[in-house]
Amino acid sequence: MATNHTAKFGLCLWEAEDKVLRANFNEDNEKIDEVLGEMNDCRLHLIREFVTTEAQNPLRIDLSDFDWSEWKTVHLDVIPGAGSSENMLFAYFGINSNVGTISPTWNHMTLCPYGQKDMPLSGIYFGKSSCLFHLYNIPFSMFKWVDLISRSGSDTMAAGTKVIIRGEKV
């Protein structure tokens, strides 16, 4: 039986004269497994990832199958393919509801449902321009897609544009 224990997790620390018991190891492993499990729940999980094979306008990112009640935050990254127009907008519900102009290198949107599908749509966008957005009359349950859409109608997101969606579980 261990004489001493660690301060944070109470793991066994044996003195030379202590009898080592298998039960002590099993208890310690259970404690370690619990802490590692909690850490795993806090990390970002890959939800979806794809690369476009042709130029698109708009490039629609489908979110219709999301159960927003499962996610504390959802992170959407778009890395434009070479030759993508910089005259594109990152938009929800069409061109009149855009959050900013895309960057030719990296675009990131963080959505914040906090596990509540009826929470008003809110988040932050970083690209060539940045903004906070909050739509008090549109809940996450109605949020079905994000578009990368041309201001002029003729610009496109090039083939090779990469989309990565990750989330932090509730």
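These legends walk through a few views of a predicted model.

Residues are numbered from 1 along each chain as its sequence is written. In this predicted model, local features need pLDDT of at least 70 and side-chain atom pairs count only at pLDDT 80 or more, whereas totals for chains, interfaces and linings use all residues, and side-chain values use heavy atoms, without hydrogens and water.

View 1. Helices (H or I, at least four residues) and strands (E, at least two) are DSSP runs, numbered from the N terminus. The C-alpha trace spans about 80 × 35 × 25 Å along its principal axes.

**View 2. Six strands form an open antiparallel sheet.** Their order is β3-β12-β5-β8-β9-β10; two strands pair if DSSP finds at least two bridges between them. At the edges stand β3 (44-51) and β10, each with a single partner strand, so one side of each is left without a neighbour in the sheet.

**View 3. Here β9 meets β10 over seven bridges, in the antiparallel sense.** Look for S122, which stands opposite H134 in β10.

**View 4. The largest nonpolar core holds 28 residues.** Such a core is a set of buried (under 20% relative accessible area, 1.4 Å probe, protein chains only) Ala, Val, Leu, Ile, Met, Phe, Trp, Tyr and Cys residues joined through side-chain atoms within 4.5 Å. I61, F90, M109, L111 and F143 touch the most other members. The largest share, four residues, comes from β5.

**View 5. L111 and its contacts (heavy atoms within 4.5 Å).** Not counting residues up to four places away in sequence, L111 touches, among others, W68, V74, L121, F133, F140 and F143.

Key:
Buried means under 20% relative accessible area, exposed over 50%, partly exposed in between (1.4 Å probe, protein chains only).
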